[in-house]
Amino acid sequence: MNKEKVEYFKGILQNQLDGLIDEAFKTVNGMTNSKENFPDPTDRAALETDRNFLLRIRDRERRLIEKIKDALERIDNGTFGICEVCGREIGKERLRARPVTTRCIDCKKKQEAREKAKGL
Ligand SMILES: [Zn+2]
């Protein structure tokens, strides 16, 4: 994947992460008018790594935040967009629809078929 595409996906992931952190912060603190109380960017960065904060937000969101952080890590270490199972490049359309994915469509389908067979 070229640098431009990597930057493109990095932007998407970073936006998603920011949005989730914003939402989670409002939820945790029960804030409706967040403007004046909203933490500055340094505090926000700290929040993203604050385990206590992450433990207080909902499971689904926490898992997504963790997936996005993993994806950002893969961008940093150059493995983003590579299927973790077969090692081939994940299709761009799939990545665009779901940038946090770690498997190509073929491996994902195989996994789903296996889970179905097991009755999961
Ligand atoms: Zn694969």
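I looked up the contacts of Cys-86 and found that Cys-86 touches Cys-104 and Cys-107, leaving aside residues up to four places away in sequence. I note that the model is predicted.

I then checked the Cys-86 and Cys-104 pair, whose C-alpha atoms are separated by 8.1 Å. The two cysteines are 18 residues apart along the chain. I placed Cys-86 in the loop between α4 and α5 (92–97).

Next, the nonpolar core. I found 23 residues in the largest one. Among those with the most contacts inside this core are Leu-13, Leu-17, Phe-53 and Phe-80. α1 (3–29) and α4 (59–77) each supply at least two residues of the core, and α1 gives the most, with 9 residues.

Last, the largest pocket. I recorded about 180 Å³ of space in this pocket. Which residue class dominates was my next check: the lining has 8 charged, 3 polar and 1 nonpolar residues. The lining includes Lys-67, Asp-70, Arg-74, Glu-84 and Lys-108. α4 and α6 (105–117) each supply at least two lining residues; the largest share, 3 residues, comes from α4.

Key
Residues are numbered from 1 along each chain as its sequence is written. This is a predicted model: local features need pLDDT of at least 70, side-chain atom pairs count only at pLDDT 80 or more; totals for chains, interfaces and linings use all residues. Side-chain values use heavy atoms; hydrogens and water are left out. A nonpolar core is a set of buried Ala, Val, Leu, Ile, Met, Phe, Trp, Tyr and Cys residues joined through side-chain atoms within 4.5 Å. Buried means under 20% relative accessible area, exposed over 50%, partly exposed in between (1.4 Å probe, protein chains only). Helices (H or I, at least four residues) and strands (E, at least two) are DSSP runs, numbered from the N terminus. Contact means heavy atoms within 4.5 Å. On a 1 Å grid over the protein atoms alone, a cavity is a set of points where a 1.4 Å probe fits but cannot get out, and a pocket is an open set with protein on both sides within 12 Å along at least five of seven lines; lining residues have an atom within 4 Å of a point. Grid points are joined across faces, edges and corners, and a volume is the space filled by probe spheres set on the points. Ala, Val, Leu, Ile, Met, Phe, Trp, Tyr, Cys and Pro count as nonpolar, Asp, Glu, Lys and Arg as charged, and the others, Gly among them, as polar.
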